[in-house]
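Subject: Structure handover

Hello,

Please find the structure below. My notes on it follow.

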Amino acid sequence: MSKDSDDALQICVGFVLERLKHHDESNKGVPFFLGVNGVQGIGKSYLAASLAHELEQAVRGVRTVVLSIDDFYLNHENQTQLAANHPDNPLVQHRGQPSTHEIPLALSILTSLRAEQETSIPSYDKSAFDGKGDRKPQNQWISVNKTGQQPIKIVVLEGWCVGFRALDDINLKSRWLIAVELSTRGCGYQGRLGHSRLEDVKFINEALKGYDSLTDQLDALIHLDAEDLQCVYAWRLEQEDQLHQERGSGMAKAEVMKFIDGYYPSYELYTDRLRSGVFGNRDGAQLRLVIRKDRLVQEVIKI
């Protein structure tokens, strides 16, 4: 998100402060867990970091930590093995989709933070192995809640699939069939789900069921929702252009487009559920900000 999105940041700060008050009424002293979801390039990492800073200023003495779902990617060896085990499934040939994260590790980190125990936060190096990536050695992880430190009271977990919930088999197949029909009609279908095999999508959906253990840890969720999901391509290209300027290297345009293609079926499958709310009967615990292509907020919806 750009400087033009400062209003969005303040909206989010107000939302979290309200949920914190609600949280403390029934869970006083227990750390507060916030999820932040958004497509690549929409600004979720910026928002998460800025939000953590603003909350530390707004609530005297509170300490925050920001985690990224990316830091729980499988290590290089296990990702390579996953791809080899499913050579015909293009969705798992690189990191990204559900099944490419180490959920037991992520859950253990969240559990440790909830108990206010000393916790080492994993970190992932996306540049390792020529861009295929690998988890950094544990001696490079940052530790929080050390003896003598004030414990972390707000945990922010951000990521493109944070809050996604799996579909039942009937709904999954129905959405896939509709996408396939649209892709064969020649009516301007721009998605990727219709070009994917059902068995490949089923594999991802089955893996996503395990991510409920993370979503169920959250006390609130902020959803940065692209007005048009196709914006993810332009936004991710902008990020890559910036990397080229800063580092002198990065993916070519065709590589970026192919990279996003690998994520897009999940956007088509799970965004509608996310928009309707992931917490069931817990009213008011989710904030949805509809973001225009120019990154300005078009609409604010509390769910």
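Buried means under 20% relative accessible area, exposed over 50%, and partly exposed in between (1.4 Å probe, protein chains only).

Two points on the source: this is a predicted model, in which local features need pLDDT of at least 70 and side-chain atom pairs count only at pLDDT 80 or more, while totals for chains, interfaces and linings use all residues. Residues are numbered from 1 along each chain as its sequence is written, and side-chain values use heavy atoms, leaving out hydrogens and water.

E158 lies in strand β7; helices (H or I, at least four residues) and strands (E, at least two) are DSSP runs numbered from the N terminus. The side chains of E158 and S68 make a polar contact at 3.4 Å (a pair of N or O atoms within 3.5 Å; within protein, one must be able to donate a hydrogen and the other to accept it, and residues adjacent in sequence count only if both atoms are side-chain atoms). Beyond four places in sequence, the contacts of E158 (heavy atoms within 4.5 Å) include V36, K44, S45 and A48.

On the aromatic side, rings of Phe, Tyr and Trp (its six-membered ring) pair if their centres lie within 6.5 Å; planes under 30 degrees apart count as stacked, over 60 as edge-to-face and the rest as tilted. By this rule there are eight aromatic pairs. W160 and Y267 are edge-to-face, because their ring centres are 5.4 Å apart and their planes stand at 85°. This pair spans 107 residues, from the loop between β7 (154-159) and α5 (169-185) to helix α10 (residues 264-276). Both W160 and Y267 are buried.

Y233 and Y264 are stacked, with 5.7 Å between centres and 25° between planes. They sit 31 residues apart, Y233 in helix α8 (residues 231-247) and Y264 in helix α10. Both Y233 and Y264 are buried. Ring pairs join W160, F164, Y233, F259, Y263, Y264, Y267 and Y270 into a cluster.

Finally, Y211 is in the loop between α6 (198-208) and α7 (212-215). Y211 counts as buried because its relative accessibility is 5%.

Regards
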